[in-house]
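Subject: A structure for you to explore

Hi there,

Here is the structure I promised to pass on to you. Have a look around, and then read on for what turned up in it.

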Amino acid sequence: STALSSRARHYCSAPRCRQPSPPSPVCALSPSTSPGAPAPAWLTFSSLVLFAHSLSPVPLVSPCRPVCTRPAFRDRPASVLVRPPHSRAPRAPASALAQPLHSPSLRARPLIARGLSYRRVPLRAASPATFDTTLGSFKAELYLEEMPVTVSNFIDLANTGFYNGVHFHRVIKDFMLQFGCPNAKDPKSRDSGTGGPDGGSAFKNIKTGATIKRNKGGNIDDEHALKASNELGTLSMANTGDKHTGGSQFFINTVHNDFLDWFSPGDSKHPVFGKIVSGMEVVKKIEATRTDGNDNPVTPVMVKTVIITM
């Protein structure tokens with residue numbers, strides 16, 4: 001329980017903030033006594049300890065209960081509904097972390113789910129997208145063949161300069177980096193995480209040539225076509241938790257967050273559409289930046305340009 005207390009940390013999320021939500025931890029020390037059964041001796045002793053601490057000005061924190069250290073969006077507009085707090089995502093397997101992302105064996109080969117196991121399969125990737133940030137540059141491959149709608153939407157936004165001058169608005173160490181909200185051109189905007197493309201705007205499906213129109217909220221349909229896991233270094237679509245609410249915002253996984261997979265149990269459904277292939281040290285530098293109570297970097301990190309090489 002001590003290990004759980006030191007590692008798990010609650011993060012709150014709001015539906016309009018288009019951010020992935022980690023799952024709740026299960027307390028391994030919760031009693032499972034049936035109604036009418038006598039309480040265990042250790043529970044009775046714990047009750048006396050709790051009573052004793054209630055007389056003290058120092059609060060008692062149970063070792064098996066992670067503490068929510070992040071404000072529940074108290075600075076957000078009143079119209080934003082706040083979900084219950086959740087714990088941090090699990091770490092990636094040591095075997096995945098030990099191999100550099102630019103290794104040929106990992107390039108454009110995300111973890112593909114098959115039941116409860118994963119295997120790597122080759123993917124045909126589009127030419128890379130180059131992100132030039134105030135902390136350096138990194139490149140990502142885009143899975144155009146497997147995710148044509150999502151990737152075409154991203155390329156259209158990048159080519160029109162939509163992402164230029166936008167800041168990372170949510171950075172959580174050992175979880176992910178979130179980016180793509182137009183409101184985050186102001187690094188301290190309280191509306192960061194709520195914006196997207198113009199409603200009703202259109203773009204071309206690069207694979208098929210068809211014209212796709214975004215809905216009135218500026219969002220595209222969920223593209224649940226590729227069973228690629230949210231592993232370390234992957235790019236994944238952000239959404240509000242409802243269907244078809246992904247627009248311009250996405251996040252970079254800094255650990256293997258398999259509970260965010262659209263094909264996994266639970267409410268989080270975030271499809272992967274690309275992966276970092278070089279400059280992971282820059283991503284880690286962004287991840288290590290100091291943040292405020294809303295996970296917003298204290299020193300703003302801006303993406304100056306996103307350039308697609310076709």
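This is a predicted model: local features need pLDDT of at least 70, side-chain atom pairs count only at pLDDT 80 or more; totals for chains, interfaces and linings use all residues.

Strand β12 itself covers residues 272–278, and six of its seven residues are buried.

Now for the wider view. The protein has 13 strands and five helices. It has 310 residues, of which 47% count as buried. Its accessible surface is about 14,800 Å², with 57% of that belonging to carbon and sulfur atoms. If you take the contacts between residues at least 6 apart in sequence, 68% of them join residues at least 24 apart.

Next, the charged pairs. Side chains of opposite charge can pair when their charged atoms come close. A search of the whole structure gives five salt bridges, and here are some to look up:

- Asp 132 and Lys 304 form a salt bridge, with their closest N and O atoms 3.9 Å apart. Asp 132 sits in strand β3 (residues 126–133) and Lys 304 in strand β13 (residues 302–308), so the pair ties together parts that are 172 residues apart in sequence. Asp 132 is partly exposed, at 25% relative accessible area, and Lys 304 is partly exposed as well, at 38%.

- Glu 145 and Lys 207 meet through their side chains in a salt bridge of 3.7 Å, N to O. Because Glu 145 lies in the loop between β4 and α4 and Lys 207 in the loop between β8 and β9, the pair ties together parts that are 62 residues apart in sequence. Glu 145 is partly exposed at 28%, and Lys 207 is partly exposed at 43%.

- Arg 214 and Asp 156 also meet in a salt bridge, at 3.0 Å from N to O. Arg 214 is in the loop between β9 and β10, while Asp 156 is in helix α4, 58 residues apart. Is Arg 214 buried or exposed? At 4% relative accessibility, Arg 214 counts as buried, whereas Asp 156, at 22%, counts as partly exposed.

Enjoy exploring!

Best wishes

Key: Residues are numbered from 1 along each chain as its sequence is written. Side-chain values use heavy atoms; hydrogens and water are left out. Helices (H or I, at least four residues) and strands (E, at least two) are DSSP runs, numbered from the N terminus. Buried means under 20% relative accessible area, exposed over 50%, partly exposed in between (1.4 Å probe, protein chains only). Contact means heavy atoms within 4.5 Å. Accessible areas come from the Shrake-Rupley method with a 1.4 Å probe; for residues, only the protein chains shown count as cover. A salt bridge is a side-chain nitrogen of Lys or Arg within 4 Å of a carboxyl oxygen of Asp or Glu.
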